[in-house]
Amino acid sequence: MVLPDDPKYALKKVEEIREMVDNDLGFQQAPLMCYSRTKTLLFISNDKKVIGCLIAEHIQWGYRVIEEKVPEISSENEKVIFERQKAWCCSTSPEPAICGISRIWVFSMMRRKKIASRMIECLRSNFIYGSYLSKEEIAFSDPTPDGKLFATQYCGTGQFLVYNFLNGQSRL
Ligand code: COA
């Protein structure tokens with residue numbers, strides 16, 4: 001975990017990784033973030049490569065995703081295709097939240113090995129000293145289709161919390 005007060009070389013490395021992750025996520029311009037309040041988790045492989053990254057920040061509010069019914073006859077594969085293609089909507093009523101997942105990324109060749117799940121578990125026990133965050137206290141920033149499929153599975157519901165809305169600071 002890299003914290004805002006860590007040595008400059010560590011923060012520089014985090015910045016390089018974030019740029020790479022943003023490129024992969026297709027963010028053209030890095031949105032301004034308040035770095036003094038972020039915590040970055042890096043998942044390092046045995047051969048010392050960064051294969052996962054999670055950037056978390058303190059937030060106050062999240063908005064619940066409004067779940068759209070998947071057509072009933074769909075196979076698992078069809079459900080994934082449906083999930084990838086549809087837009088997502090969320091409630092306009094804010095709900096209290098504590099931790100915002102600003103970025104979550106796993107190297108493409110290492111996906112579906114529970115690396116993202118392990119990073120979130122680690123985040124939940126380390127974000128606030130001495131407490132373990134519940135899934136209800138976490139929100140995802142502008143989830144991608146992959147992010148949405150992951151969050152739905154991890155949170156055990158498609159109605160997880162989201163925030164930010166492409167840096168609009170959740171002003172709806
Ligand atoms: N399609 C369908 N289900 C998915 C999924 C996908 N692409 N990714 C995760 N899941 C679900 C699965 O149920 C999975 O369990 P299973 O593999 O046993 O079926 C479960 O979530 C846990 O996934 P996990 O292995 O912990 O996730 P991961 O390490 O593969 O990382 C992402 C998930 C989203 C971080 C990864 O796909 C990624 O880096 N994508 C590109 C960046 C991105 O879009 N980030 C999200 C920003 S909100």
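The model is a predicted one, in which local features need pLDDT of at least 70 and side-chain atom pairs count only at pLDDT 80 or more, whereas totals for chains, interfaces and linings use all residues. Residues are numbered from 1 along each chain as its sequence is written, and side-chain values use heavy atoms, with hydrogens and water left out.

View 1. Tyr154 is itself buried, with a relative accessible area of 10%; here buried means under 20% relative accessible area, exposed means over 50%, and partly exposed lies in between, for a 1.4 Å probe and protein chains only.

**View 2. The aromatic pair of Phe140 and Phe160.** The structure holds two aromatic pairs, where rings of Phe, Tyr and Trp (its six-membered ring) pair if their centres lie within 6.5 Å, and planes under 30 degrees apart count as stacked, over 60 as edge-to-face and the rest as tilted. The ring centres of Phe140 and Phe160 are 5.6 Å apart and their planes stand at 75 degrees, so this pair is edge-to-face. Phe140 belongs to strand β7 (residues 138-141) and Phe160 to the loop between α4 (145-155) and β8 (161-163), so the pair ties together parts that are 20 residues apart in sequence. Helices (H or I, at least four residues) and strands (E, at least two) are DSSP runs, numbered from the N terminus. Both partners are buried, Phe140 with a relative accessible area of 4% and Phe160 at 2% relative accessibility.

View 3. Phe150 and Tyr154 form a stacked pair, 5.9 Å centre to centre with 25 degrees between the planes.

**View 4. Strand β7 and its parallel neighbours, β6 and β8.** In a regular strand the side chains alternate between the two faces of the sheet. In β7, Ile138 and Phe140 point one way and Ala139 and Ser141 the other way, and all are buried. Three bridges join strand β6 (residues 99-106) to β7 in the parallel sense, with Cys99 opposite Ile138, and three bridges likewise join β7 to β8, which run parallel, with Ala139 opposite Leu161. Two strands pair if DSSP finds at least two bridges between them. β6, helix α3 (residues 115-126) and β7 make a right-handed β-α-β unit, and β7, α4 and β8 make another right-handed unit of this kind. A crossover is right-handed if, with the strands pointing away from the viewer, the path from the first strand over the helix to the second runs clockwise.

**View 5. The hairpin of β1 and β2, with β6 alongside β2.** Strand β1 (residues 38-44) has five of its seven residues buried, so it is largely enclosed by the rest of the structure, and β2 is mostly covered, with seven of its nine residues buried. β1 and β2 (residues 50-58) pair in the antiparallel sense over seven bridges, with Thr38 opposite Glu57 and Leu42 opposite Cys53. Five residues lie between the two strands of this hairpin, and Lys48 in the turn has a positive phi of about 65 degrees. Seven bridges join β2 to β6, which run antiparallel, and His58 stands opposite Cys99 in β6.

**View 6. Confidence across the protein.** The mean pLDDT, the predictor's confidence in each residue from 0 to 100, is 89 for the protein, and 91% of its residues reach 70 or more. Confidence is lowest in helix α2 (residues 76-85), at a mean of 78, and highest in α3, at 98.
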